Amino acid sequence: MFFLDPTYFWWVFIPTLLLSFGVQIYLKSTFSKWSKIENGQHLTGEEVAQELFDEPTLDPVPVESINKPLGDHYDPSKNVVRLSPPVGKADSVSAMAVTAHELGHVQQYQTGSSLIKARSFLLPAIQFSPTIMYISLMMGLLFNMTGLLWVGVAFFGLTVLFSLLTLPVEFDASRRGLKMLDEAGLFTSDEEAKGAKSVLTAAALTYVAAFITSMLQFLSYVRVALNA
């Protein structure tokens with residue numbers, strides 16, 4: 001229904017499509033560039049993890065393989081880090097950077113980061129809010145019930161808030177990861193450190209794009225509710 005709305009099409013759909021496409025291209029090109037360059041220590045992502053686990057600022061957690069390109073993540077529910085083959089099995093600058101980022105998330109949970117606590121507080125609501133949001137919006141439009149429209153807008157607002165809280169969480173994980181690599185002496189040159197930062201910056205832009213997308217959608221839903 002929103003796709004047929006010219007305002008939504010030109011001010012939400014097209015901009016977010018171009019933004020997402022551009023960010024994905026930049027991320028893949030940056031990751032690919034530094035994936036072709038070995039890190040100075042010649043350590044795979046899994047070996048980088050073991051080196052960082054030897055540092056006093058981080059307690060070891062299991063590291064598993066996941067067969068999903070760029071699907072690397074830390075699963076706090078299982079307390080396990082999962083690395084894809086291009087990261088866990090490779091000794092590139094990209095592999096080192098991504099591994100350190102995921103261990104940055106581990107450190108956030110182990111140190112009780114307030115950012116993580118705030119985002120985790122919203123997680124239960126986020127798991128069911130999309131369903132309620134779409135049902136409320138559809139029913140509100142079909143039966144011309146403004147109250148239901150605002151219920152949908154409110155629940156989508158939770159998604160926007162979650163996306164906003166995700167930004168500092170991801171930036172902080174990258175900051176922690178780069179700091180751990182530096183303190184462990186795993187950077188062998190300034191160029192290597194610069195490359196690792198470039199990879200993590202490109203990855204962070206995906207979350208920025210997600211927030212902008214959700215914010216534009218939220219504003220379009222507010223417009224629909226106001227004009228109902």
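Reply: Gladly! Glu170 sits in helix α6 (residues 146–183), where helices are DSSP runs of H or I with at least four residues, strands are E runs of at least two, and both are numbered from the N terminus. This is a predicted model, in which local features need pLDDT of at least 70, side-chain atom pairs count only at pLDDT 80 or more, and totals for chains, interfaces and linings use all residues. Residues are numbered from 1 along each chain as its sequence is written, and side-chain values use heavy atoms, with hydrogens and water left out.

Me: Is Glu170 buried or exposed?

Reply: Buried means under 20% relative accessible area, exposed means over 50%, and partly exposed lies in between (1.4 Å probe, protein chains only). Glu170 has a relative accessibility of 6%, so Glu170 counts as buried.

Me: Which side chain is joined to Glu170 by a polar contact of 2.9 Å?

Reply: Contact means heavy atoms within 4.5 Å. Not counting residues up to four places away in sequence, Glu170 touches His101, His105, Arg119 and Tyr207. A polar contact is a pair of N or O atoms within 3.5 Å; within protein, one must be able to donate a hydrogen and the other to accept it, and residues adjacent in sequence count only if both atoms are side-chain atoms. The side chain of His105 makes such a contact with that of Glu170 at 3.2 Å, while the partner at 2.9 Å is His101.

Me: How are α4 and α7 oriented to each other?

Reply: Helix α4 (residues 93–110) packs on helix α7 (residues 190–227) with axes 9 Å apart and an angle of about 60 degrees. Here axes are lines fitted to C-alpha atoms, for helices over the stretch in contact, and angles run from 0 to 180 degrees between N-to-C directions. Angles under 35 degrees count as roughly parallel, over 145 as roughly antiparallel, 65 to 115 as roughly perpendicular and the rest as oblique. The two helices, α4 and α7, are therefore oblique.

Me: Which backbone oxygen does the side chain of Ser214 reach?

Reply: Ser214 belongs to helix α7 and is buried, at 6% relative accessible area. Beyond its neighbours within four places in sequence, Ser214 is in contact with Phe156, Val160 and Ser163. At 2.8 Å, its side chain reaches the backbone oxygen of Phe211.

Me: What share of the chain is buried?

Reply: The chain has seven helices and three strands. Of its 228 residues, the buried share is 43%.
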